[in-house]
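Here are some notes for a colleague who is new to reading protein models. Please keep the sequence and the structure open while working through the points.

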Amino acid sequence: MRIVIALLLTLLLSPLAHAELRGGVARVEITPSASMPMYGYANRKCGPANGTHDPLMAKVLVLESGGTRMAIVTMDLGSMVSDTLRQDVASKLGVPIVLLAASHTHSAPAFLPFGSAPATNAAALAYRAELEGKIFQAIADALKTMAPVTLKVGRRSLQLGYNRLLPRDDGRTRALFDNLERVPYGPVDPELVVLRVDGADGQPRAVLVHYATHPVVLGPTNCQYSADYPGVMQAAAEAAIPGAQVMFVQGGAGDINPIFMARSGDQTKDFGVVQTMGALLAEEVVRAHHTATPVPAGGEGITATSEVVTLKDRWDAAQSLDVGITTVLIDHSVAIAAWPGEVMHRLQQDWKSRAEVPVALFSGYTFSAGGTWAGYVPDLRSAAHGGYGADASTRVEVGAGERLLERHLIHLYGLLGKWREKQGRP
């Protein structure tokens, strides 16, 4: 089936020679003031949220180089789609590249019309408008703090997740949602990547943590707003790295659940499990921060290509959905692939292995370029063997994951200047 390109928006501004990289940060609390239905679980054991355990946050990093600005916004939300916000930030703040990255915590409010969210009631619409306003202002605030920065990268490996799609005797896979025995079923991508943004004094201003595991330590018995383990990780890492804003970017976690799961229904016990998971990840983040090495700074600036691809519905060829992706390149050294959905880990690994740059980052659950939320995006093998998110509860046509990955790679090679107008030497 042919992918029809609905829109191609390329942000290729001519970078300045040896362009300076500048950065600014800000944060804002986005916890709803009202009780709302909660995200993610169809079998939630309670009604709307009955309180807040820990605040939900949105954190902003703005980078500027070569005449182009980009904003990375990490949010303690299940998902986020807002073309209005993206366009407002571009037209009113002069930031044309906006990555709205949800952590995918299942203890956030449900306010969007796609998936498990309830959608269009007055409380949901009011919260969405409030959220858009707060994030817009946080980006504006980050712009006021812009100063020269440099980048470092640190890597660690730890398996805090398991692959919930287990093969069965009939050759099909079935989802194992609860794994209280903490069996490290595989395969997974255990790599933790930390992008450290340092000020002119060499001290970190922001630390972006890239890791791929569903934030579902808290189960369907929880009825309090919570950032789940990414919130614990960020708070612990910020305490250990004074002055740094720690931000969590979810990766290809579509088929990866956490090893630590809280399903007792006892609030004290369950949040203790969240604390354990978050603390373990924070320890590795701090280690990666201390061992981070400089990213090559070529001075080529920031470039990006955004595209909205029209995909057929897997189960109804008469239906389709538009999926926006963005590929970002910073100084020809850091490449970011942004996907608006629950992408499976093999696609993340393929991106990292095939992107010919020193630092290849995968930003799942990230809205950036129009279109809608893609839902689950399986790799071809997973789609063939089935299971939750692989054939059940997925909408995108067979092969959509690989096709979107190819689009990211085509865009990246273009940003790197690989595509020529004439044939090369034989």
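Is Cys-223 buried or exposed? With a relative accessible area of 6%, Cys-223 is buried, because a residue counts as buried when this value is under 20%. Please bear in mind throughout that this is a predicted model.

1. The disulfide. A search of the whole structure finds 1 disulfide, and this bond joins Cys-46 to Cys-223 with a sulfur-to-sulfur distance of 1.2 Å. In general, a disulfide is a covalent bond between the sulfur atoms of two cysteines. The angle about the S-S bond is -125°, and the link of Cys-46 and Cys-223 is left-handed. The pair connects distant parts of the chain, 177 residues apart: Cys-46 sits in the loop between β2 (22-29) and β3 (51-52), while Cys-223 sits in the loop between β12 (204-211) and β13 (224-225). Whereas Cys-223 is buried, Cys-46 is partly exposed, with a relative accessible area of 26%.

2. Helices α3 and α4. Two packed helices are described by the angle between their axes and the distance between the axes. For helix α3 (residues 228-240) and helix α4 (residues 267-290), the axes come within 7 Å and cross at roughly 45°, so α3 is oblique to α4. The crossing of these helices, α3 and α4, is right-handed. On the α3 side, the residues in contact include Tyr-229, Val-232 and Met-233, and on the α4 side they include Val-274, Met-277 and Leu-281. Sorted by class, the residues of the contact of α3 with α4 comprise 13 nonpolar, 2 polar and 1 charged.

3. A residue of α3 to compare. Ala-239 also lies in helix α3, and with a relative accessible area of 64% Ala-239 is exposed, because the cut-off for exposed is over 50%.

4. Helices α1 and α2. Helix α1 (residues 83-93) and α2 pack at an angle of about 30°, and their axes are 10 Å apart. Among the residues that make the contact are Leu-85, Asp-88 and Val-89 of α1, together with Ile-135, Phe-136 and Ile-139 of α2. By class, the contact of α1 with α2 has 8 nonpolar, 1 polar and 3 charged residues.

5. Two residues with positive phi. Which value does phi of His-104 take? Phi of His-104 is near 80°, which is a positive value in a residue other than glycine. His-104 lies in the loop between β6 (97-102) and α2 (122-143), and this residue, His-104, is buried, with a relative accessible area of 1%. Asp-331 is another residue other than glycine with a positive phi, near 55°, and its place is in the loop between β18 (320-330) and β19 (334-338). At 7% relative accessibility, Asp-331 counts as buried.

6. A cis peptide bond. Where the chain passes from Gly-186 to Pro-187, the two residues are joined by a cis peptide bond, with omega about 0°. Pro-187 is found in the loop between β10 (173-175) and β11 (191-199).

Note on methods: Residues are numbered from 1 along each chain as its sequence is written. This is a predicted model: local features need pLDDT of at least 70, side-chain atom pairs count only at pLDDT 80 or more; totals for chains, interfaces and linings use all residues. Side-chain values use heavy atoms; hydrogens and water are left out. Helices (H or I, at least four residues) and strands (E, at least two) are DSSP runs, numbered from the N terminus. Buried means under 20% relative accessible area, exposed over 50%, partly exposed in between (1.4 Å probe, protein chains only). Axes are lines fitted to C-alpha atoms, for helices over the stretch in contact, and angles run from 0 to 180 degrees between N-to-C directions. Angles under 35 degrees count as roughly parallel, over 145 as roughly antiparallel, 65 to 115 as roughly perpendicular and the rest as oblique. A crossing is left-handed if the near helix is turned anticlockwise from the far one by less than a right angle, and right-handed if clockwise. Contact means heavy atoms within 4.5 Å. Ala, Val, Leu, Ile, Met, Phe, Trp, Tyr, Cys and Pro count as nonpolar, Asp, Glu, Lys and Arg as charged, and the others, Gly among them, as polar. A disulfide is a pair of cysteine sulfur atoms within 2.5 Å.
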